[in-house]
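Here is a short briefing to read alongside the structure.

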Amino acid sequence: TGENSPPTNLFNNQPSDWQNPALVTTAANTPLNFTGDNLLSVTDPDNNLKEIFLDVENGKLSFTSVPLSVLVFDDTTGDEITDLSEVNHRSIYITGNQADLVAALALLSYTPDDGFFGTDFLTITSTDLLNARASDSVAITIPTVTTATVREDALPDGTNFASEANI
């Protein structure tokens with residue numbers, strides 16, 4: 001009998017590194033989808049992945065849909081979430097078979113809290129049937145938006161704020 005190997009969390013098809021997390025950026029109040037160059041995935045060499053915990057501090061996690069075999073739970077209450085329109089939580093976990101869990105991650109999105117600027121971390125902890133686990137994170141940067149104040153009396157004669165709005 002061979003030993004059970006832990007899962008490996010992947011970001012953009014590369015193993016995650018807890019001490020040097022992958023970095024992504026999204027604008028304020030703009031959902032970040034984990035697809036394409038932001039693909040979040042998990043692999044388990046023993047093909048016995050059973051659950052994935054997802055957690056953020058300054059935003060919400062949601063799914064557009066999930067495969068039928070995947071169950072979604074609120075990690076805070078432990079309650080199953082059957083209506084995906086209700087999946088808008090800081091901390092959730094999903095259970096199912098490995099292929100469907102990986103497919104569900106491609107449907108995950110993160111939206112920063114209103115007014116939050118800075119760096120949030122998405123922590124992903126993957127556990128297999130024999131309780132081997134891997135925990136990693138992705139750093140999500142929400143840059144500060146700089147706005148300029150223009151006094152109308154400071155504009156050149158014959159101009160107004162509406163015609164000079166491209167600052």
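A residue counts as buried when its relative accessible area is under 20%. With that in mind, F73 and Y93 are both buried in this structure, which is a predicted model.

**Aromatic pairs**

- The structure holds two aromatic pairs.
- One of them is F53 with Y93, a stacked pair with 4.8 Å centre to centre and 25 degrees between the planes.
- F53 belongs to strand β6 (residues 49-55) and Y93 to strand β9 (residues 91-95), so this pair ties together parts that are 40 residues apart in sequence.
- F53 is partly exposed at 24% relative accessibility, whereas Y93 is buried at 16%.
- F73 and Y93 also form a stacked pair, at 4.8 Å centre to centre and with 15 degrees between the planes.
- This pair, too, links distant parts of the chain: F73 sits in strand β8 (residues 71-74) and Y93 in strand β9, 20 residues apart.
- Put together, F53, F73 and Y93 make up one aromatic cluster.

**Positive phi angles**

- Most residues other than glycine have a negative phi.
- N29, which is not a glycine, has a positive phi of about 60 degrees.
- You will find N29 in the loop between β3 (22-25) and β4 (32-33), where N29 is partly exposed with a relative accessible area of 44%.
- N47 is another residue other than glycine with a positive phi, near 55 degrees.
- The loop between β5 (40-43) and β6 holds N47, and N47 is exposed, with a relative accessible area of 55%.

Notes: Residues are numbered from 1 along each chain as its sequence is written. This is a predicted model: local features need pLDDT of at least 70, side-chain atom pairs count only at pLDDT 80 or more; totals for chains, interfaces and linings use all residues. Side-chain values use heavy atoms; hydrogens and water are left out. Rings of Phe, Tyr and Trp (its six-membered ring) pair if their centres lie within 6.5 Å; planes under 30 degrees apart count as stacked, over 60 as edge-to-face and the rest as tilted. Helices (H or I, at least four residues) and strands (E, at least two) are DSSP runs, numbered from the N terminus. Buried means under 20% relative accessible area, exposed over 50%, partly exposed in between (1.4 Å probe, protein chains only).
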